[in-house]
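I opened this notebook to record what I looked up in the structure. The entries run from the whole chain to a single residue.

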Amino acid sequence: MLRRRRAPLLLAAAAGAALATTSATSPSADGLGVASTFHGVARSSRAIYTIGFVVVDYKYSLRGLVPGSADYRGKLSEVHLRSAKKLLRLCEANRGFYVKAGQFVSSLRQVPKEYISTLSCLQDQATPCKYQDIKIVIEQNLGRDLHGIFLEFDEHPIAAASIAQVHRGRLNNNQEVAVKVQYPGLERRMKLDIMTMSLLSKYVSLIFPDYRFEKILLEFERTMSMELDFTQEAKNSERTTSCFRKNDVVKVPHVFWELTTKEVLTMEFCTGHKVDDLDFLRKADISPTKVAKALIELFGEMIFIHGFVHGDPHPGNILVSPRGQGRFSLVLLDHGIYKELDPKFRLDYCKLWKALISLDVQKILELGEQFGVGKYAKYFPLIFTGRTIDSKSALGTQISGEEKTRIKQDLNSLGMDDISSFMESLPPDFLVILRTDGLLRSILGNLGAPRHVRLLAYAKCAIYGHEEQSRLESELARLLVQFNDYKHKAKDKLSWMLQKISREVLGWYKALM
């Protein structure tokens, strides 16, 4: 019982550890050589102090309070907020991938609301690198003087993210481009960060033994490593363009390969506003609900049909570009983080959503076994559709007060070990889906879209993805039958030809004799 009552405390501590450990792949961009080492040690010291403070604060601020009491809940909220602000200051001071880690934590639906609200401001905040440092990176990577490459190049970045900043430029042929430049020195600081954050994660797990989020942290590290290679981002961009070549709503900037390397990405400059900029949408006479529908259909197609998913769909990476008379394009940016879903997982996920829509309990539990989550499969309907597995409420509608009470009692009975076991048992593909879906639901909420918009879009894409797979399998089976039939016919014909040749040779031989 004590373990269960400590669940909120443990979960918040785990959030802090996740933030620290996932920052392991997160070097920032100040200086090189000795200066780089100095800044690395300084960042590590800040991280150690911050996580130590969080652990001690939780451990002693709640000491003597009865878990579940009003005093306990009030004090717990205070500690959540205090610790979240500490982590925010850590991210702002260390920058780089620490910001990415903060974004990651703020997108996890499992962490307390104090963390989400405090760290969500990191979505758009990053301090730009000095122009001279950026100029050196460009010239070293492209092997030419910057002014020989660009007719114009704006020294002031139009965007600054956690690992790179973007400058507007014009090529010698007058083509407008966006040049994404990686901050210098990122990879130099990775080893020290990894060592430090791994140590912190182990320390926190000793204090809170129920903390087990290794898979989440490993997935974060993998995706951040991918994001450091801009040539991979360019390939992802082109593959996405191919996937949506028949969709006139989706726009992906063209890549200029001759001006692209691992640290510099040059692409077509596209205009637009953040997807959830309601003031802009009203002025442009564009329906927020239509934008939400187009967005969720785009990602539904990615997940259920193509199995190639953009892993960082926050508002700054999705622009709305007006086309007049209420029409628009969705400009998809930042293709550094993608996940190619395992084909079997994609098909099973399609089946899961078909079962969720029809509330086929037996199928949901059966798929839960295939996903490896066992008894926790009963929470799939709640996670994805907002209703319980035995719900009587219609899809997309508010659940009854009785159901809300039952859900609250059920969730309160869960301990941190339950949450950890569930997250650890999920396939890596599922973790990506959960995070992506969480970010999309946040955007849809900002756009004021009804709940059924997402549910219907996912249902449509899941059914199509499953049926398309079945159609392909049937077509493949038909082709195999045709091939085998052709093979047998070819074998018979070859046998007949060999017999004919043998007879002719025998006749020729007898004639010679």
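I note that the model is a predicted one.

I then looked up the secondary structure and found 20 helices and 11 strands in the protein chain. Of the 513 residues in the chain, 49% are buried. The accessible surface comes to about 24,900 Å², and carbon and sulfur atoms account for 57% of it.

Next I turned to the nonpolar cores. The largest has 61 residues, and Leu330, Tyr349, Phe380 and Phe430 have the most contacts inside it. Helix H13, residues 288–306, gives the most to this core, with 10 residues. I also recorded a second, separate core of 37 residues, which includes Val137, Ala160, Val166 and Leu171.

Where does Thr388 lie? I found Thr388 in the loop between helix H16 (380–385) and helix H17 (401–412). Is Thr388 buried or exposed? Thr388 counts as buried because its relative accessibility is 11%, and the cut-off for buried is under 20%. The side chain of Thr388 makes a polar contact with the side chain of Asp390, at 3.0 Å. Beyond neighbours within four places in sequence, Thr388 is in contact with Leu359, Pro381, Glu403, Arg406 and Ile407.

How values were computed
Residues are numbered from 1 along each chain as its sequence is written. This is a predicted model: local features need pLDDT of at least 70, side-chain atom pairs count only at pLDDT 80 or more; totals for chains, interfaces and linings use all residues. Side-chain values use heavy atoms; hydrogens and water are left out. Helices (H or I, at least four residues) and strands (E, at least two) are DSSP runs, numbered from the N terminus. Buried means under 20% relative accessible area, exposed over 50%, partly exposed in between (1.4 Å probe, protein chains only). A polar contact is a pair of N or O atoms within 3.5 Å; within protein, one must be able to donate a hydrogen and the other to accept it, and residues adjacent in sequence count only if both atoms are side-chain atoms. Contact means heavy atoms within 4.5 Å. Accessible areas come from the Shrake-Rupley method with a 1.4 Å probe; for residues, only the protein chains shown count as cover. A nonpolar core is a set of buried Ala, Val, Leu, Ile, Met, Phe, Trp, Tyr and Cys residues joined through side-chain atoms within 4.5 Å.
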